[in-house]
Structures are given as structure tokens and as C-alpha cells.
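User: I have a model open and would like to go through it with you. Could you take me from the overall fold down to single residues?

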Amino acid sequence: MAKSPDVSSDVTPTVDEPTREYETAPAQPPASPEPPPPPNRVSGFARLLIFTFFVFALMVAACLGLRAVNVLPSFDNPFSDKTTDRSQPVLLQSMRDLSRYVAADGTFQVIVDLQENKENIPDFLVNRRTLFVGSGTVEEYVEFGSLAEDALKVDDEKNTVTITLPPPQQGTANLDMQKSYVVAEERGLFNRIGDAFRSDPGKQQQVYALAQQRITEAARASGLDQRAQQNTERMLQSLFTRLGYQTVTVTFSSP
């Protein structure tokens with residue numbers, strides 16, 4: 001029987017040959033070290049701010065302390081209010097001699113409600129209404145400069161004096177601007193536009209004139225003239241009684 005050939009030596013792989021089924025893994029680069037954490041800048045800025053504030057407060061306290069003991073001079077406020085008076089010198093316009101005796105005066109207050117509008121036009125377009133409180137004084141006086149020659153009759157034997165005076169006169173009301181003021185003012189749309197381009201001081205003067213007129217009229221009906229007569233009689237009676245006259249008669253002529 002023939003002997004089979006030995007094939008085992010032909011198929012056995014060589015051990016020294018490297019395998020091709022698995023590739024060699026690439027080499028990994030070395031890991032870089034992590035950067036250190038940044039410094040705490042917020043806390044550093046806060047400490048700097050606190051230190052600056054503390055130094056500033058210390059300087060202010062030192063200045064105030066030195067100023068309190070009069071070591072530092074005083075400094076004016078550079079932004080303080082400044083008022084400059086550029087008024088012109090007072091001009092004397094007239095001078096007159098007065099021979100009147102102010103026997104009484106009265107102080108009055110009036111509320112003026114003045115409204116100006118146009119007919120057939122709504123008030124919100126054309127309207128001007130002013131509410132003004134006026135306070136003024138009215139004087140009642142007796143004019144001695146216009147006495148007649150026989151106005152004073154003296155009887156030395158009887159120690160009597162008879163005086164005939166003109167009736168008391170009433171002056172014009174004088175407004176006290178410190179006690180007079182505008183309470184409210186209403187203006188229409190067209191009035192506001194017109195006032196923005198021009199000013200009309202005559203409107204305000206009209207309110208003042210109306211307040212003076214109302215106060216003057218009220219003084220005539222207040223009995224101020226009767227009080228003026230009584231005060232004048234008392235003044236003349238006291239004057240001539242001190243001069244030695246026993247009877248002093250004061251009469252007022254008809255207006």
C-alpha cells in the first residue's frame with residue numbers, strides 16, 4: 001500500500017510573521033495640563049472701591065473737623081443764587097404840600113371773577129377767566145387847606161370856639177400787593193397760543209383797576225365818612241380844650 005504524502009508541513013503558518021487582521025492603534029498625544037483658575041477680580045475691585053470710599057469719607061471728616069475749629073477758611077458755594085440789582089436811580093416827578101387830616105381808614109378785601117369770551121365760540125378755544133383776591137385800604141380825610149375865612153369863630157369872653165369844616169372826602173383804594181394774589185386763571189387754546197408770542201400787561205392791569213373800583217364803592221357804603229367826622233370832632237375838641245376853651249363846636253358843611 002502506497003504511503004500518503006505529508007502535507008502538514010506545507011500549511012503550517014510561520015509564527016514569526018505578524019498578523020494583518022488587527023492594525024496597530026495610533027499613539028495618543030499627551031494630555032495638556034488644565035489652566036489655573038483666574039484670580040477673583042470682582043472681590044479685588046470691591047476691596048478697592050471700599051478703600052477709596054473710606055479714604056474719601058476720612059478726608060471729608062477731617063475737613064469738617066478742621067473747619068469746625070476754624071483752621072480752614074470758609075469757601076462760598078460756586079453754584080449759589082446771585083441777585084443783581086440793576087435798577088435806575090429814583091426820579092422825583094412831583095411834590096405837593098398836604099393840609100389834610102386823615103380821620104379814618106378801612107381795609108377791604110374783594111374777590112374779582114373776570115371772564116372774557118366770544119359769543120358763539122366754545123370756551124376751550126377762546127376764553128380768559130381770572131379769579132383774583134384783592135386787598136386794599138381806603139382813607140377818609142378832611143381837607144383843612146380849603147377852609148373859608150369865617151370857618152373859625154372864637155369868643156374869648158365865653159371861651160367858645162365854633163369850627164365849620166368841609167365834609168370828609170374819600171380817597172382811592174390802594175391795593176396791598178403783598179396780600180393780593182391770583183387764585184386761578186383759565187385760558188382757551190387760542191389765548192394760550194397768543195400769550196406765547198406776545199404779552200399783554202393791560203389784562204392784568206384791568207383786574208387791578210376793577211378790584212380798586214369795587215373796594216372804593218364798598219367803602220362809600222361802609223359808614224367810613226361818619227367815623228371820620230366823629231374822629232375829627234374829637235381831635236379838635238381835645239386840641240382847643242387844652243388851649244383853655246370850654247366849649248368847642250364842630251360842624252360840617254353840606255357837600
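This is a predicted model: local features need pLDDT of at least 70, side-chain atom pairs count only at pLDDT 80 or more; totals for chains, interfaces and linings use all residues.

User: Fine. How many helices and strands does the protein chain have?

Analyst: The protein chain has five helices and eight strands, where helices (H or I, at least four residues) and strands (E, at least two) are DSSP runs numbered from the N terminus. Starting at the N terminus, the order of elements is α-α-β-β-β-β-β-β-β-α-α-α-β.

User: And what share of the residues is buried?

Analyst: Of the 255 residues in the protein chain, 19% count as buried; buried means under 20% relative accessible area, exposed over 50%, and partly exposed in between, with a 1.4 Å probe and protein chains only. The accessible surface of the protein chain is about 21500 Å², and 55% of that belongs to carbon and sulfur atoms; these areas come from the Shrake-Rupley method with a 1.4 Å probe, and for residues only the protein chains shown count as cover.

User: Now the sheet with E3, E4 and E8. In what order do the strands lie?

Analyst: The order is E3-E4-E8 in an open sheet of three strands with mixed pairing, two strands being paired if DSSP finds at least two bridges between them. E3 and strand E8 (247–252) are the edge strands, each pairing on one side only. From one strand to the next, the twist averages 10 degrees.

User: Which pairs are parallel and which antiparallel?

Analyst: E3 and E4 run antiparallel and are joined by four bridges, whereas E4 and E8 pair in the parallel sense over six bridges. Val161 in E4 stands opposite Val154, and in E8 the bridge partner of Val161 is Val248.

User: What packs on that sheet?

Analyst: Helix H5 (residues 224–242) packs on the sheet and touches E3, E4 and E8, its direction making about 150 degrees with that of E8. Contact here means heavy atoms within 4.5 Å; the axes are lines fitted to C-alpha atoms, for helices over the stretch in contact, and angles run from 0 to 180 degrees between N-to-C directions. On E4, the covered face has Val161, Ile163 and Leu165, and the uncovered face has Thr160, Thr162 and Thr164.

User: How many salt bridges come up?

Analyst: The count is one salt bridge, by the rule that a side-chain nitrogen of Lys or Arg lies within 4 Å of a carboxyl oxygen of Asp or Glu. Arg100 forms it with Glu143, the closest N and O atoms being 3.8 Å apart. The pair links distant parts of the chain, with Arg100 in strand E1 (residues 100–117) and Glu143 in strand E2, 43 residues apart.

User: Are those two residues buried or exposed?

Analyst: Glu143 is buried because its relative accessible area is 18%, whereas Arg100 is partly exposed, at 32%.

User: Last one: which residues make the nonpolar surface patch?

Analyst: Leu48, Phe51, Phe54, Val55, Leu58 and Met59 make a nonpolar surface patch of about 640 Å². Patches are made of residues with over 30% relative accessible area and no salt bridge, with like charges joined within 9 Å and nonpolar side chains (Val, Leu, Ile, Met, Phe, Trp, Tyr) within 5 Å. Met59 lies in helix H2 (residues 41–68) and is exposed, with a relative accessible area of 51%.

Note on methods: Residues are numbered from 1 along each chain as its sequence is written. Side-chain values use heavy atoms; hydrogens and water are left out.
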